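Hi everyone, thanks for coming. Let me put today's protein up on the screen, and then we can walk through it together.

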Amino acid sequence: MQRRMTRLTVIGSLGIALALPFCAMADQARDATAATPQGRSVIRGVVMSADETPRPIRRAVVTLGGTVPNGRSVVTGDDGAFEFAGLPAGQFTVTATKAASLPAAFGAMRPGRQGTPIVLADGQVMSIRLTMSRGAVVSGTLRDADGQPVAGAGVAVVDAHSVGGFERAFSSAGFVTTDDRGLYRVFGLAPSEYVIVAVQEAAGLGEIGRRTAAESERLLAELQQRRARPPGAADAAPAPPPLPPSFSFAPTYFPGTPRLRDASRVRVVAGEIREGVDFVAGAVPVARISGVVAGDVRNFAAVRLVVILDGMRLPVGNGTTPVLSQAPDAQGRFSYSNVAPGRYRIMARATRGDAEPAPASGAGGGSSSGMGSGNPALPAGSDLLFAVADVDILGQDISGLALTLQPGSTMAGRVRFDGETPVPPNAFTSLRLGVSPPDGTYSSNMAGTTIGNTFIGASAVSVGADGTFEIRNIGPGVVALSSPLPATISSTWWLRSAIADGVDLLDAPFEIQLGVDLRDVTITLSDRRTELSGTLQTPTGQPAPEYFIVVFPAAPDLRRAGSRRIKAVRPTTTGRFVVPDLPAGEYLLGATLDVMPNEWNDPAFLERLAPSGVRVTLGEGEKKVQDIRIAGGS
């Protein structure tokens, strides 16, 4: 195996965010019941504040991870000191946490960043220092259009860079409720940009009407005139007053807009106290959507409808989401009311028979995630039909929306093992294949209205003994192919490719279009696993663990969000990095002192990193060592 050394010019700090979710670490999967390994190595240190005059942090919880089953934790004393003794040789991580402060990791360049793995030799004693910063604070007042405080409203402060962050907004530490003065205060925030969203619950049921002050005065005047008539005067039946426009307490984003795309971002740094982030959250005009479902269905009343919200997953509640005011009737006619401004996707699902099958487990409320949990099991030969319509609402009603049902898509093909290792018995039948939204499925239900993406994708199926598979009744949408390998296979084999029409479906999430099948898909498992490793060194030849290594395709068209060809790792204290199981191809290795989580999925970030990258070509099953020395003066 040839070892190469290349000089690399690195780019500097590129932003702020939370912890990097991927880090090259060895032997993390251990038998939880095994005895704790003993050794002679020691990690000791101190946790200090990030103040201009650092001070010891007392009562911080310091956790050791890595080559120790279940980890270890200790609490710092008044001097901020901690110690882990009796450690075996191996690789470790050290992190510290404390309420109202940001998590600190050894080697992290900024608050909340990924730390550096520590490599210990037998008998080695290492002294380290962790720096802990206070979290930022964002506070403000929520008022209605009349300037009155809004009490009891939920306010979430959500990291604008987090993927899928809004689905967790109302179960995270960044969620509070306004007090009787309309005040909210969220603390412990990491340096970043945030979107602030407020949600109010309506006190009543159904649609909410609101009249202007002039309309109310006119109605009162008419009532007073009727009361002033002489006794016995003819009293013709008054015409009923027109219905008032409907409104909703839809989610409102700072600085006071009902649409996520128009929200302003609030940037904070560590320890900052940002006060006065006030905004108005009131009722907004809502619309009605009416339409009809058509297709090869005998019982349209059995058709099920769901709504997928664009870009956010907030809790279903009175007055916050569309309401299915009329489920499909015998002619397929349906209507939604209480539709606040925003983008929506309405999906219909039915079977060719007379009844819709029972929903999948968990589809009745709450949320769920996982592979292929969207579509229920069907009797042999049954077909699911789907229809999709996208609408953009800004207070206007939509009528005549057509949902024409079409058969779900099918993905079919064959699984093959490519290698010299004997294939385990029953290897094919132990595999299950499915497609589902890349961020998992979710579903919430209230009074017959379902919000969620559970119609997208399809339940996992078993592979046949001859290696063939067929996934039927796939709902339209962006999905990822998944095949969780059993331990008897994953110890040797890895999912190398899934080729359909010359495209590798494993490279990134892909879109299933309504009525379009994927046939002749070839899924290959290989025992020839690639590995790209090396050391990152300073110009003087010393380890450079403070950097991040980002590996990404040399071809710009392969730099797609969620691609398995894009990975970021942190070198250990020895400067060593390992990137396993990359598909064969040509890559660039870049180094940077800082990177935001998921920033490597941003083509603009990779474009900035590309000119300084080291080009590396990986062959099938090749294990390549590429040492990198940072160019002097960088």
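Let's begin with strand β23, residues 304–309, which is mostly covered: 5 of its 6 residues are buried. Buried means under 20% relative accessible area, exposed means over 50%, and partly exposed is in between, with a 1.4 Å probe and protein chains only. Strands here are DSSP runs of E with at least two residues, helices are runs of H or I with at least four, and both are numbered from the N terminus.

Before going on, a word on where this comes from: it is a predicted model, in which local features need pLDDT of at least 70, side-chain atom pairs count only at pLDDT 80 or more, and totals for chains, interfaces and linings use all residues. Residues are numbered from 1 along each chain as its sequence is written, and side-chain values use heavy atoms, leaving out hydrogens and water.

Which strand pairs with β23? That is β26, residues 342–351, running antiparallel to β23 over 6 bridges; two strands pair if DSSP finds at least two bridges between them. In this pair, R304 sits opposite R349 of β26.

Now the wider view. The protein has 3 helices and 47 strands, and 48% of its 634 residues count as buried. Take the contacts, meaning heavy atoms within 4.5 Å, with a separation of 6 or more: 78% of them are between residues 24 or more positions apart.

Next, have a look at an open sheet of 4 strands, ordered β24-β25-β22-β28, with mixed pairing. For β24, 2 bridges make an antiparallel link to β25, residues 333–339, and Q326 faces S335 in β25.

Finally, the inside. A nonpolar core is a set of buried Ala, Val, Leu, Ile, Met, Phe, Trp, Tyr and Cys residues joined through side-chain atoms within 4.5 Å. The largest one has 35 residues, and M411, F469, F510 and I523 have the most contacts inside it. Strand β40, residues 518–526, gives the largest share of this core, 4 residues. Setting aside residues up to four places away in sequence, M411 touches several others, including V435, L481 and V521. Another core, of 30 residues, lies apart from that one, and V286, L385, V391 and L403 are among its members.
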